[in-house]
Structures are given as C-alpha cells and as structure tokens.
Amino acid sequence: MHLTVRGVRSVEIEMSDPDRAAEFYAKVWHLKEIDPVDGVRYLRGTGAYHHILAIRKANGAPSLRRVTFDATDRAMVVRLHRGVSAAATACEAPHEIDAPGGGYGFGFTDPEGRNLAVICEVADHRDGGDIADRPRKIAHVNVNSADLASTTRFLVEVLGFRLIDETVALSFFHADNTDHNSFIVARHSRPTLNHVAFEMPDLDSVMRGVGRMRDHGFPIEWGVGRHGAGNNVFAYFAGPEEFPIELTGELLQIDHTYVPRGPDYWRWPPGRLDQWGVTDPHTPRWKRIQDLYGFTPGAFRL
Ligand SMILES: [Fe+2]
C-alpha cells in the first residue's frame with residue numbers, strides 16, 4: 001500500500017476579529033457554521049468533513065495556525081508518524097483528539113516551520129453532497145517555500161504526495177484522491193502562506209461566488225480565469241484581515257496514468273495568464289497578501 005495522506009481536511013486560522021471573520025465565511029463565502037467550542041468558530045463545507053475551517057482569536061498578528069491532512073485509518077496515521085517523527089523539526093505522538101470532531105492523529109512542524117497535522121476517524125457528517133453555490137471542501141493549500149528541495153522531499157518521501165506537475169513558479173502535489181493536486185508549493189524567499197482555495201461544485205457556482213464577493217465590497221484580485229496545470233477555474237480575493245483566499249472549481253480529475261509535465265510545457269503565450277485569455281494580471285494587493293500570513297510559531301500540538 002502506498003504511504004500517503006488523502007488530502008487537506010481543514011485549515012485553522014487566527015484572526016484579530018473572529019466574529020467578523022466567521023460571519024463573512026458563513027454569509028458571503030457560503031460555508032456553514034457549526035457550534036463554537038471554547039470560543040473557536042468552526043465552519044463546514046457541503047462535503048462530509050466535520051469542519052474545513054476553524055477560526056480562533058489571535059494573540060499576536062493574524063496567522064495560519066495549522067493545515068490538517070486526512071488519513072484513511074489508525075494504521076496509516078501510525079505509519080506516517082514513524083516517518084514524520086524522524087524528519088520533522090517537532091512532532092507529538094499520535095493520540096485521541098479532544099476537539100470538535102475528535103479523531104486520532106498528531107501534529108508536527110515540517111522542515112520549514114509549517115504547523116501540519118495528520119488525523120483519521122473524525123466524526124464526519126453523513127449528509128455530504130453538493131449544493132449549488134456552496135463550497136465543498138478545501139481544494140488546496142498553496143504555501144511559499146524558501147527551500148523547495150527539502151519541502152518537496154518531505155512532502156513526497158514522508159507524507160507520500162506525488163509531485164504531479166511543475167511550472168516555473170509552482171510545484172503541484174497529488175494526494176491519495178482523484179484531484180490533480182491538493183497541495184501546491186511556490187518558490188519564494190520565505191515559508192509563508194500563498195493562499196487557501198475552496199472548491200465550488202461547478203463553474204456557475206464559482207461565478208455566483210465571485211458576484212457575491214463583489215456585492216459585499218471584495219474586489220477580484222486575480223481572475224476569473226482557467227489555470228493551465230490542474231485546469232481549474234480561479235478567482236482570488238483578500239478575505240477578512242486580508243487573508244488570501246481563492247474560489248475554484250472544475251479541477252482536473254486524474255488517476256495513476258496521468259503524465260506529469262514540467263516548466264517547458266506549462267508556459268503561456270505572451271500576454272496570456274490563463275487558458276481563456278480573459279484575466280488581467282493580479283493586483284499589487286494580491287502580490288502583497290500572498291506573503292502576508294505566516295504559520296503561528298510553535299503551535300504544532302493538536
Ligand atoms: Fe490556487
């Protein structure tokens with residue numbers, strides 16, 4: 001059996017004003033809030049995952065607290081822990097999780113200081129199924145890397161991702177699911193967050209989401225367009241406290257027969273930034289907020 005995580009289950013963020021952020025993600029972004037516990041706000045998508053976004057009060061600057069990957073079962077968690085504990089800069093032992101959704105897993109810090117976690121056996125919802133105009137799940141997290149070689153090695157050799165495509169700027173990583181990618185790494189000077197992408201069920205839902213964002217005073221920072229690698233539709237925004245978020249949809253579905261390509265293949269003709277040729281270049285603000293959020297220092301324990 002191949003050793004790998006199943007994709008991104010959830011992200012946890014720290015905001016100066018969690019109430020305002022939770023209201024945005026429920027009313028404008030169209031997630032659904034479930035009961036808060038100990039002041040932490042939890043929001044789910046239409047998929048089965050117990051929650052895909054957790055929001056807590058920031059002690060200092062707003063930050064990305066954690067990215068949590070899903071695993072099939074305890075045996076996989078234990079196998080992954082064996083490799084992670086040898087390669088991570090900090091790692092806790094697998095344990096029962098005392099937080100909404102529960103489960104079994106462990107948190108750790110990767111070689112560039114990102115707080116990551118692997119969990120299984122979460123009390124997920126039984127009513128998962130697409131609803132028009134509502135996000136299903138986290139499609140991908142895109143992080144920045146100042147040491148692409150060591151981060152790639154960790155993702156592939158320790159967490160089991162397959163490096164699936166590479167452009168000049170980005171490396172795409174495929175997990176144990178049919179999505180072209182679940183994790184993306186951008187070449188950069190600092191190991192910060194680039195953005196978090198939420199998956200809409202179809203193109204129409206992406207476009208309705210874009211319209212709703214504009215209605216509420218959130219301009220498009222880049223898009224709408226259709227990417228090359230992954231073939232997904234994209235629109236990027238600065239969410240509350242300028243957290244960098246993407247609405248995406250129609251991501252390419254693949255299996256083991258997919259043939260990865262490199263930067264020579266994934267190249268646009270002059271003046272073009274997406275397949276349709278409709279998007280303008282990203283705004284200066286998008287460029288800035290792609291490097292605005294760091295991981296919460298030291299917060300690796302679940
Ligand atoms: Fe993206």
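**Entry 1: a strand hairpin**

I looked up Arg162 and found that its bridge partner in strand β12 is His174. Strands β11 (residues 162–166) and β12 (residues 170–174) run antiparallel and are joined by 4 bridges. I noted that two strands pair if DSSP finds at least two bridges between them. The two strands form a hairpin, with 3 residues between them. Strands here are DSSP runs of E with at least two residues, and helices are runs of H or I with at least four, numbered from the N terminus.

I recorded that this is a predicted model, in which local features need pLDDT of at least 70 and side-chain atom pairs count only at pLDDT 80 or more, while totals for chains, interfaces and linings use all residues. Residues are numbered from 1 along each chain as its sequence is written, and side-chain values use heavy atoms, with hydrogens and water left out.

**Entry 2: the chain as a whole**

I counted the secondary structure of the protein chain as 5 helices and 17 strands. The C-alpha trace spans about 50 × 45 × 35 Å along its principal axes.

Buried residues make up 55% of the 302 residues. Buried means under 20% relative accessible area, exposed over 50%, and partly exposed in between, with a 1.4 Å probe and protein chains only. I then turned to contacts, a term that means heavy atoms within 4.5 Å. Among contacts between residues at least 6 apart in sequence, 68% join residues at least 24 apart.

**Entry 3: helix α1**

Which residues of helix α1 are buried? In this helix (residues 18–27) I found Pro18, Ala21, Ala22, Phe24 and Tyr25 to be buried. Seen down the axis of α1, these residues fall within an arc of 160°, so they line one face of the helix. The arc is that of the directions from the helix axis to the C-beta atoms. On the face turned away from the buried side I found the exposed residues Asp19 and Lys27. The buried residues of α1 pack against several elements, including β1 (8–15), β2 (32–37), α4 (203–215) and β17 (244–249).

**Entry 4: the iron ion**

I looked up the donors of the iron ion: His140 (NE2), His195 (NE2) and Glu246 (OE) coordinate the ion at 2.0 to 2.1 Å. Donors are N, O and S atoms within 2.8 Å of the metal (3.2 Å for Na, K and Ca), and since water is not among the atoms, sites may look incomplete. Along the chain the donors follow the spacing H-x54-H-x50-E. His195 in strand β14 (residues 193–199) and Glu246 in strand β17 are 51 residues apart, and the pair links distant parts of the chain. His195 is buried at a relative accessible area of 3%, and Glu246 is buried at 0%.

Ile245 lies in strand β17 and is buried, with a relative accessible area of 0%. Ile245 and Ala235 are 10 residues apart in sequence and 8.6 Å apart in space, C-alpha to C-alpha.

Gly239 is in the loop between β16 (233–238) and β17, and counts as buried at 5% relative accessibility. With residues up to four places away again left out, Gly239 touches Phe218 and Ile245.

**Entry 5: Arg65**

Is Arg65 buried or exposed? I found Arg65 buried, with a relative accessible area of 16%, in strand β5 (residues 63–70). The side chains of Arg65 and Glu14 are joined by a polar contact of 2.6 Å. A polar contact is a pair of N or O atoms within 3.5 Å; within protein, one must be able to donate a hydrogen and the other to accept it, and residues adjacent in sequence count only if both atoms are side-chain atoms.

**Entry 6: backbone angles**

Most residues other than glycine have a negative phi, and most peptide bonds are trans. Asp38 has a positive phi, near 55°, and is exposed at 77% relative accessibility. The peptide bond from Gly223 to Val224 is cis, with omega near -5°.
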